[in-house]
Amino acid sequence: MKIAVVTGGSSGIGKAVVLELAKRGVGVIFTYNSRKNGADTLVQEIEQNYGVRAVAIKLDLNAPTPFDPFAEAVKKNLAQVWDTQTFDYLVNNAGIGGAMMAHEVTEAHFEQMINANFKGAVFVTRHLLPMLADAGAILNVASTSAKAQTIGFSIYGATKAALVNWSKYLAKELAPRKIRVNSVSPGPTHTNFSDSAFDKYPEYIQPLADETALGRLGRPEDFGSAIAHFLSDDFAWMTAQDVEISGGHRL
Ligand SMILES: NC(=O)c1ccc[n+]([C@@H]2O[C@H](COP(=O)([O-])OP(=O)(O)OC[C@H]3O[C@@H](n4cnc5c(N)ncnc54)[C@H](OP(=O)(O)O)[C@@H]3O)[C@@H](O)[C@H]2O)c1
């Protein structure tokens with residue numbers, strides 16, 4: 001039986017990944033930040049419907065020193081819930097969005113973005129690597145903003161470009177252990193992202209759908225099965241790749 005660790009599993013894309021992995025019989029440790037109730041409900045839903053164990057752990061990537069306690073909690077749960085010391089798949093998905101024009105960028109904006117979208121993945125991975133089984137897989141959730149220059153998103157886009165580039169370095173370093181490392185780059189997707197911006201400002205939806213070849217925004221479930229596939233042995237020969245999943249955004 002496989003076990004996955006998914007950051008940001010309490011909402012949106014991460015939640016869809018957690019559900020899809022559970023449907024495929026994968027045990028899941030996932031993190032939440034603000035949505036404790038949602039995380040608890042998801043654990044119940046998985047254990048009742050899919051017959052695998054799930055554990056939710058609080059992780060705030062903008063807290064001062066979140067990594068040691070998180071790694072300890074993962075280690076403890078692997079031992080107590082699954083009677084093992086290792087897991088197989090790591091999905092660095094947690095992240096935050098937000099825009100700020102270059103001439104107005106604050107250090108607080110920069111630090112929050114870099115912590116949640118890049119530093120978090122780097123140090124979650126660094127702390128969990130001793131527990132990740134050989135021949136496992138890491139999947140980092142980047143963004144089309146790593147390449148597209150949408151006005152105001154320079155810091156967000158730069159953190160995601162860093163994540164994509166770092167993933168390729170990691171793929172090379174971890175190849176001797178047969179651990180594959182890839183990233184996916186979602187296009188605009190209707191989730192709770194950016195303080196539920198698409199629910200608060202629905203007028204942004206149609207223009208983004210119009211510049212997407214397949215004619216709509218992404219949905220969380222568009223990513224659940226794709227990411228579960230990329231983690232699985234179906235993609236055993238793919239590493240160091242970034243795959244855009246966007247319905248053809250700005251083709
Ligand atoms: N939606 C889009 O248009 C889009 C496009 C491209 C890329 N992405 C990327 O997709 C990933 C998932 O985003 P989403 O669209 O699914 O958004 P979402 O619905 O807002 O989910 C974000 C997840 O990250 C967690 N999170 C937020 N801040 C955190 C922090 N400081 N520390 C730890 N965890 C934190 C949230 O936890 P709580 O909910 O419990 O607070 C939640 O589980 C992100 O990396 C994002 O950059 C999204």
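Valine 18 touches Val6, Gly9, Val28, Phe30 and Leu42, leaving out residues up to four places away in sequence. Contact here means C-beta atoms, placed from the backbone, within 7 Å. This is a predicted model: local features need pLDDT of at least 70, side-chain atom pairs count only at pLDDT 80 or more, and totals for chains, interfaces and linings use all residues. Residues are numbered from 1 along each chain as its sequence is written.

Val18 also belongs to the largest nonpolar core, which has 59 residues. Val18 is among those with the most contacts inside that core, along with Ala4, Val17, Val28 and Ile227. Helix 1 gives the most to this core, seven residues. Such a core is a set of buried Ala, Val, Leu, Ile, Met, Phe, Trp, Tyr and Cys residues joined through C-beta atoms within 7 Å. Buried means 20 or more other C-beta atoms within 10 Å of a residue's own.

Helix 1 (residues 12–23) also supplies the largest share of the shell around the ligand, three residues. Helices are DSSP runs of H or I, at least four residues, and strands are runs of E, at least two, numbered from the N terminus. In total, 28 residues surround the ligand, and the closest are Gly8, Gly12, Asn33, Ser34 and Gly95. The cut-off is a C-beta atom within 6 Å of the molecule.

Now to serine 145, in the loop between strand 5 and helix 5. Serine 145 counts as buried because 23 C-beta neighbours lie inside 10 Å. Beyond four places in sequence, its contacts are Thr150, Phe153, Tyr156, Gly157 and Lys160. In helix 5, Tyr156, Gly157 and Lys160 are among the buried residues.

Methods: A residue is buried if 20 or more other C-beta atoms lie within 10 Å of its own, exposed if 12 or fewer, and partly exposed in between; C-beta atoms are placed from the backbone. Two residues are in contact if their C-beta atoms, placed from the backbone, lie within 7 Å.
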